[in-house]
Amino acid sequence: MTIKTKLPILLATVAVCVVLFAGWANYTIAGYGEERIHSNVDDVEVCDVAMVLGTAKFVPQRGLNQFYMPRIEAAAELYHAGKVRGILVSGDNSSMRYNEPRRMKQDLISLGVPEEYITSDYAGLRTLDSVVRMKKVFGVEKYIIVSQKF
């Protein structure tokens, strides 16, 4: 066999290994985190801070984003149930007309969360940014992440 005939076999083997590894990693991580994902506020452990991951309230041509209000309502419920003492809203504010943290803060206030218990992170452009900034910028190591199951 020449290198030209071995190459497709080698590439196929590498592709299969990558797919198997990705499947194993996903299964392992999902299993590890499953006991830490809660849908009921009573099951959530008390923590100082909840971080609400940013998302747009409205989606062009579709209207209200199906993820937005459940996140805001869950954060407000955590606060009112005494599960958290403060809420950090993290999101994008890349233009004067687009500001996720400001809108999230306004909606939390409208649900009865006092403004002084809400902190805004305007540089949470991605989930990774928000998580890294929670520790490096805000000095918080243990917190609840408010998002949704996909």
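1. A surface patch, as the term is used here, consists of residues with over 30% relative accessible area and no salt bridge, and nonpolar side chains are joined to one another within 5 Å. In this predicted model, Leu 7, Leu 10, Leu 11, Val 14 and Val 18 make up a nonpolar surface patch of about 470 Å². One of these residues, Val 14, is located in helix 1, which covers residues 3-33. Val 14 has 44% relative accessibility and therefore counts as partly exposed.

2. The aromatic residues deserve a separate comment. Two aromatic pairs are found when the whole structure is searched. In one of them, the ring centres of Phe 21 and Trp 24 are 5.7 Å apart and the planes stand at 35°, so this pair is classed as tilted. Phe 21 and Trp 24 are both part of helix 1, with a spacing of three residues, or about one turn of the helix. Both Phe 21 and Trp 24 are exposed.

3. The other pair is formed by Tyr 79 and Tyr 117: the ring centres are 5.7 Å apart and the planes are at 40°, so the arrangement is again tilted. Tyr 79 belongs to helix 2 (residues 68-80), whereas Tyr 117 is in the loop between helix 3 (100-110) and strand 5 (118-121); the pair therefore ties together parts that are 38 residues apart in sequence. Tyr 79 counts as buried because its relative accessibility is 18%, under the 20% limit for that class. Tyr 117, with a relative accessible area of 37%, is partly exposed.

4. Which residues does Thr 55 touch, not counting those up to four places away in sequence? They are Asn 65, Phe 67, Tyr 68, Arg 71, Tyr 98 and Glu 100. With Asn 65 there is also a polar contact of 2.9 Å, which joins the side chains of Thr 55 and Asn 65. Thr 55 itself is found in the loop between strand 1 (49-53) and strand 2 (58-59).

5. A point of backbone geometry concerns Gln 61. Most residues other than glycine have a negative phi. Gln 61, although not a glycine, has a positive phi of about 65°. Gln 61 is placed in the loop between strand 2 and strand 3 (63-64). Its relative accessibility is 82%, and Gln 61 therefore counts as exposed.

Note on methods
Residues numbered from 1 in each chain as written. Predicted model: local features only at pLDDT ≥ 70, side-chain atom pairs only at ≥ 80, totals over all residues. Heavy atoms only, no water. Patch = residues over 30% accessible without salt bridge, like charges linked within 9 Å, V, L, I, M, F, W, Y side chains within 5 Å. Areas by Shrake-Rupley, 256 points an atom, 1.4 Å probe, with all protein chains shown as cover. Salt bridge = Lys/Arg side-chain N within 4 Å of Asp/Glu carboxyl O. Helix = DSSP H or I, 4+ residues; strand = E, 2+ residues; numbered from the N terminus. Buried < 20%, exposed > 50% of the residue type's maximum accessible area, 1.4 Å probe, protein only. Phe/Tyr/Trp six-rings, centres within 6.5 Å; stacked < 30°, edge-to-face > 60°. Polar contact = N/O pair within 3.5 Å; in protein donor to acceptor, adjacent residues only side chain to side chain. Contact = heavy atoms within 4.5 Å.
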